[in-house]
Amino acid sequence: MSIAFLDGVFLPLEEARISPLDRGFLFGDGIYEVVPSYGGKMVGFTPHIARMQSGLAAVGIDLQWSEQQWADVCTRLVEDNGAGNLGIYLHVSRGADNKRFHGFPDNVAPTVFAFTFEIAPEPVADKALAKPYSVITTQDLRWDRCHIKSTALLGNVLHFQQGYEQGHGETLLFNSSNELTEASACNAFIVKQGVVSTPPLDNQLLPGITRHILLDVLRRDGGIKVEERTITMDEVRDADEVWITSSSKEVAPVTQVDGQPVGNGQVGDVWLAAQALYSAGKFDY
Ligand code: PDD
């Protein structure tokens, strides 16, 4: 049975209960994280917690938890749930008031919830074992604060579903200037003539931890040129390779965009090198 954490108590997930007046439930008024963990080793724990702290500050949720407090909860959840291939979900909402009112409530403690779920084994840098994605593209109709990892994910959910119900694994998003932003639950990269490019960080995309680690390991290695710059959708269609990144997928190759092959339609050599560097370096973060 899966063990969860809710407001200071570890308990079976099935027994965890919140109020229907919780603002996470009523308004999607909260911040979340997903931290991957393999065999008891977490990837990117410190940057994940830092992103959550800055998200909480950005929306004015006052939770004075240290990184060590989060580490204690995560370590115990990983142990209690078998220490296999786990995603650790962390969620802080603005808490439960006694009424439904848009303004921030006074004297209401945030709700802190965490649980783990099974994720696929660690991705490996092997073309034969890679799971290539096909994606569709659509205009990004989410809000102008996509850098905040808010639990209000309906915009992302609707975009994901657009691709999913047509048999695709993700949806790439572009802004009103026809520039790539990210995907519904991943960051996005292109490769052209050996150069790896990804959109720069701004309010249009989440500062992904996988994105951060990948850029860092590529730059540290120095063998592959990396750019953070605006990318048009024409460049996406003309790319040699397209990748999507997230905590559980790591670096995932995309071989089809809107029904057209990316490059030669096969998993690429730059992907192979990038996933190998990611696999080798990820536990340093
Ligand atoms: N999704 N962009 C969006 C919109 C995301 O939701 C995510 C992560 C990412 C990648 O971020 P990271 O590399 O830190 O996982 C980018 C998580 C995993 C989710 O919602 O389940």
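I started with E182: an N or O atom in its side chain is 2.6 Å from a nitrogen atom of the ligand. I count a polar contact as a pair of N or O atoms within 3.5 Å. The model is predicted, so I keep to its limits: local features need pLDDT of at least 70, side-chain atom pairs need pLDDT 80 or more, and totals for chains, interfaces and linings use all residues. Numbering runs from 1 along each chain as its sequence is written, and side-chain values use heavy atoms, without hydrogens and water.

A polar side-chain atom of S247 lies 2.7 Å from an oxygen atom of the ligand. For I209, a backbone N or O atom is 2.8 Å from a ligand oxygen atom. The protein covers 88% of the 470 Å² of accessible area that the ligand has on its own (Shrake-Rupley method, 1.4 Å probe).

Then I listed the shell. It has 20 residues (a heavy atom within 4 Å of the ligand), and Y32, E182, I209, T210 and S247 come nearest. I sorted the shell into seven nonpolar, nine polar and four charged residues, with Gly counted as polar and Tyr as nonpolar.

Where does the ligand lie relative to domain 1 and domain 2? Both domain 1 (3-118) and domain 2 (133-284) give residues to the shell, so the ligand lies between them. I took the bounds from an automatic or database domain assignment.

Conventions:
A polar contact is a pair of N or O atoms within 3.5 Å; within protein, one must be able to donate a hydrogen and the other to accept it, and residues adjacent in sequence count only if both atoms are side-chain atoms.
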